[in-house]
Amino acid sequence: MFRHGLRTLVGRLCLGAGCLLPLVASAHLHIQVTHGAGGWRLFLFDFESGEADPAVASLQVREAARAAVPNAPAYTQLLGAAGGPVWVLPQLENANLLYLGLGSQGIAPGAFQNNALRLVLKSVTGPGHFAIYTTDAFGNPQVRMNTRDGVSDTADFYPLAAVGGHEHCNWAFSAPGVYRVAFAAEGTLAGGQFTQSAPVIFTFVVFPTLAEAPRLAAPQVEADGRVAFDLISAVGTSVEVWTSPDLKNWAKAKDALPATVPARVKLDAVAGQQLFLKVRRP
Ligand SMILES: [Zn+2]
């Protein structure tokens, strides 16, 4: 079932805090766990380019990953208010998005009791919440990890088979920005000794970030005569909205501070008069 030949995009992204490492996108990729004579190892495995060190590669969650939280309790408990934005790298392959799974390999059969391992969530830093869940045939989520109720070894883990294979799941983020997610692997060896790896940090970049220019979309005239549009820009950074009647004379109409992506912005307009819009950072 491994799919090869998807294009891997490698770029470089600079944010206020400095340059991040190359981004990986649009590829079949795993967070891979192995255990051998040298102990545990957690790393990225790209089916096109091979092994990558999570310390020098970040995982890209494009804007195409943005969806609305379904209006069902199982999802609102997991992801937040119905209709709100959530960015999901999906369990089912989508050629526009990273196809990220979990794999184990190179572990001797019988090395672990019941050939069972766990990937455990240790910590998350970032601008929002993080969750991993699978979706059953009826569309119901089975939650594996979720920071909304805190992070613990006993609640936030993903079971893996120690005999190879791969699992695919949904990776959800509640806001754009950079997330540093630390995982550890653990299991009980055949001799009864429990072992947990040191945490390994994986970096996810959820777009749009500050590195991208603000954009507007879906302009329309509302019933009250005002003009409304979607502002697509990093949360919590101000954006100027400029208007012009003729594309020559421009005036600043508003300072917007988006709290969501997209953020709906409304402006007064003169009935019957055309209005051009642009958005930019101050
Ligand atoms: Zn896979």
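Guide: Let us begin with contacts. Two residues are in contact if their C-beta atoms, placed from the backbone, lie within 7 Å. In this protein, residues 24 or more positions apart account for 66% of the contacts with a separation of 6 or more. Please note that this is a predicted model, in which local features need pLDDT of at least 70 and side-chain atom pairs count only at pLDDT 80 or more, while totals for chains, interfaces and linings use all residues. Residues are numbered from 1 along each chain as its sequence is written.

Visitor: Which domains does the assignment give?

Guide: Domain bounds come from an automatic or database domain assignment. Here it gives domain 1, residues 14-206, and domain 2, residues 215-280. Their centres, taken over C-alpha atoms, are separated by 37 Å. Five residues of domain 1 are in contact with four residues of domain 2. On the side of domain 1 that touches domain 2, four residues are nonpolar, none is polar and one is charged. In this classification Ala, Val, Leu, Ile, Met, Phe, Trp, Tyr, Cys and Pro count as nonpolar, Asp, Glu, Lys and Arg as charged, and the others, Gly among them, as polar.

Visitor: What is found in the loop between strand 19 and strand 20?

Guide: This loop, between strand 19 (200-206) and strand 20 (215-221), contains P208. The peptide bond from F207 to P208 is cis, with omega near 5°. L210 lies in this loop too.

Visitor: Is L210 buried or exposed?

Guide: A residue is buried if 20 or more other C-beta atoms lie within 10 Å of its own, exposed if 12 or fewer, and partly exposed in between, with C-beta atoms placed from the backbone. L210 is buried, because 20 other C-beta atoms lie within 10 Å. Its C-alpha atom is separated by 16 Å from that of W87, 123 residues apart along the chain. Over the protein, buried residues make up 32% of the 282 residues.

Visitor: How should I read a nonpolar core, and which residues have the most contacts inside the largest one?

Guide: In soluble globular proteins, nonpolar side chains tend to be buried together. A nonpolar core is a set of buried Ala, Val, Leu, Ile, Met, Phe, Trp, Tyr and Cys residues joined through C-beta atoms within 7 Å. The largest has 52 residues, and V61, L119, F173 and F183 have the most contacts inside it. Leaving aside neighbours within four places in sequence, L119 is in contact with V33, L102, F157, Y158, L160, F183 and A185. There is also a second, separate core of six residues, including F229, L231, I232 and V261.

Visitor: What is the strand order of the open sheet of five strands?

Guide: Strands of a sheet pair through backbone hydrogen bonds, either parallel or antiparallel. Two strands pair if DSSP finds at least two bridges between them. The order in this open sheet is 8-9-16-12-13, with antiparallel pairing. Strand 8 (66-68) and strand 13 (141-146) stand at the edges with a single partner strand each, so one side of each is left without a neighbour in the sheet.

Visitor: How many bridges does strand 12 form with strand 13, and how many with strand 16?

Guide: Strand 12 (residues 130-135) pairs with strand 13 over five bridges, in the antiparallel sense. With strand 16 (residues 170-173) the antiparallel pairing of strand 12 runs over four bridges. I132 stands opposite W171 in strand 16 and opposite M145 in strand 13, while T134 stands opposite Q142 in strand 13. Strand 12 and strand 13 form a hairpin with five residues between them, and G139 in the turn has a positive phi of about 85°.

Visitor: Where is a positive phi found in a residue other than glycine?

Guide: N115 has phi near 50°, and its place is in the loop between strand 10 (99-104) and strand 11 (116-125). N115 counts as partly exposed because it has 18 C-beta neighbours inside 10 Å. A218 has a positive phi of about 50°, but its place is in strand 20. With 10 C-beta neighbours inside 10 Å, A218 counts as exposed.

Note on methods: Helices (H or I, at least four residues) and strands (E, at least two) are DSSP runs, numbered from the N terminus.
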